[in-house]
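Visitor: Hello! I would like to learn how to read a protein model, one feature at a time. Could you take me through this one?

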Amino acid sequence: MILGCIADDFTGATDLAALLVRAGVPVSLRIGLPSEPASPGPPEAVEVIALKIRAIEPGRAVTQALAALDWLLAAGARHIYWKYCSTFDSTMRGNIGPVAQALMDRLGTERTVYVPSFPENGRRVFMGNLFVGDQPLAESPMKDHPLNPMRDSDLTRVLAPQLGDDAGKVGLLDWPTIRQGQAAVAGAIASGAPHLVCDALDDSDLEALAQAAHALPLLTGGSAFARHLPDAWRAAELLASTEGDEVLPTMPKGPAVVLAGSCSAMTRKQVAHFAAMAPTLRLDPQRLAEGDDGGMQDWIIECLDTGQDCMLQATAGPDEVAAAQSALGVEKAGAVVEEALARAARIARSHGAARLVVAGGETSGAITSALGITALRIGAEIAPGVPWCRGEDDHGSLALALKSGNFGEEDFFTRALEQTS
Ligand SMILES: Nc1ncnc2c1ncn2[C@@H]1O[C@H](COP(=O)(O)OP(=O)(O)OP(=O)(O)O)[C@@H](O)[C@H]1O
Ligand SMILES: O=C(O)[C@@H](O)C(=O)CO
């Protein structure tokens, strides 16, 4: 198997799988650590394991990532990809750095690259600083993220303390070097710091990085960098030169429910857009903590019985999020919303919903786990990095779209539903 991937959240996993499908390799996506023993797959195959380890304590994240690594190695993975967010979502403690270091130690490798850029979605790194559209990360809406507010745009400064502040461990592979071409990039990787944050402004930079770094046992970054690795392996004759012609799975049709737990700027716009055309139930963390879910079960059943696609959402602006967090604590404010939306998904499925559109990585993790889904097949992309997926739960097949908080345009939810209606 050419590549084994560990994704730190579920939307990130479907994003990565979609971009690898675009690169013409057969992708299998598993939710959580597989319970069955690993068996070697075909040489051109890619396995993605979706974990929910972005916001948890670093020690626990490392343990889960290493268990996934062992499974992937037993399945014959020749390279490992550590997928995190294109906005480098992490706290001061981790988990991007500690997991990367643990994977390097287990793989016996001394260096890796960090390539979060996703130019198609407006995420670019220049001189180590990450930009979201035209804003530096720390001035973008990511500064107000409920779980991992990003308050420094310089990724070398974000990463260094996660690795114990050891001087010299973290370095920068800058854009002027990348523009000198593959040989300069390969030289910079070989002589650079063990943890090398890489600039990339467009896909040609990602291509140059992939060509120079493809031999590393561990590669890390967003989905856009991974998308260029199969071509680099083909050029090096490590992968069959023809792209596979994967047939995308068809999606079940039927009633749809949108579940939005992301408070990202784009999700807020998408929720406002869809609320104007579909019945919407707002969930409030403080009321949920008091046991008041606004009659959620009856509301969902009524929508489905009357044939209306509907939305449940907890989306809120930074002030409201801060108020809920100071009343309940950060973890509990997030957990009550995730639990409520996971319950909503179960109710919707037992009353005939065939399609679920979920906004938010943590939210997607909570919902997918609550439904007991263990694998997803990747279908057509709705927006860059957001594919429809086909999964199985106790009620049979369902169509699932797991949308990263800031991905998609304002009309994403209607677009998604139209694509499968
Ligand atoms: N009104 C609210 N107040 C406080 N926390 C909330 C509120 N609404 C949602 N949350 C929590 O905020 C977190 C949002 O994280 P999530 O990963 O789902 O979205 P995201 O970070 O925007 O998405 P992604 O990681 O895919 O970019 C969840 O834990 C969710 O339960
Ligand atoms: O890389 C991204 O931006 C997404 O796949 C993601 O990880 C959001 O949670």
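Visitor: Which element gives the largest share of the shell around ligand 2?

Guide: Please keep in mind that this is a predicted model. Helix α1 gives the largest share of that shell, with three residues. In total, 13 residues surround ligand 2. Gly12, Asp15, Ser86, Gly361 and Ser404 are the closest of them.

Visitor: What classes of residue make up the shell around ligand 2?

Guide: You will find nine polar residues there, together with two nonpolar and two charged ones.

Visitor: How is the chain divided into domains?

Guide: The domain assignment gives domain 1, residues 3-235, and domain 2, residues 256-419. The C-alpha centres of domain 1 and domain 2 are 27 Å apart. Now return to the ligand: each of the two domains supplies at least three residues to the shell around ligand 2.

Visitor: What does UniProt list for residues 3-229?

Guide: An unreviewed UniProt entry lists those residues as "domain: Four-carbon acid sugar kinase N-terminal". In the model, residues 3-229 are 37% helix and 20% strand.

Visitor: How should I read the place where two domains touch?

Guide: The size of an interface is often given as the accessible area lost when the parts come together. Here we can count residues instead: 25 residues of domain 1 are in contact with 27 residues of domain 2. On the domain 1 side, the elements giving two or more residues are α1 and β2 (27-31). Helix α1 provides the largest share of that side, nine residues. Sorted by class, this side of domain 1 has 12 nonpolar, six polar and seven charged residues.

Visitor: Helix α1 keeps coming up. How do I describe the way two helices pack?

Guide: Two packed helices are described by the angle between their axes and the distance between the axes. Take α1 (residues 10-22) and α14 (residues 361-370): their axes come within 6 Å and cross at roughly 95°. That angle is why α1 counts as roughly perpendicular to α14.

Visitor: Which residues make the contact between α1 and α14?

Guide: From α1 they are Phe10, Thr11 and Gly12, and from α14 they are Gly361, Ser364, Gly365 and Thr368. By class, the contact of α1 with α14 has six polar residues, one nonpolar residue and no charged ones.

Definitions and conventions. Residues numbered from 1 in each chain as written. Chains lettered and ligands numbered in written order. Predicted model: local features only at pLDDT ≥ 70, side-chain atom pairs only at ≥ 80, totals over all residues. Axes fitted to C-alpha atoms, helices over the stretch in contact; angles between N-to-C directions. Helix = DSSP H or I, 4+ residues; strand = E, 2+ residues; numbered from the N terminus. Parallel < 35°, antiparallel > 145°, perpendicular 65-115°, else oblique. Contact = placed C-beta atoms within 7 Å. Nonpolar A, V, L, I, M, F, W, Y, C, P; charged D, E, K, R; others polar. UniProt positions renumbered as here; feature names shortened; annotations may be inferred. Near = placed C-beta within 6 Å. Domains from an automatic or database assignment.
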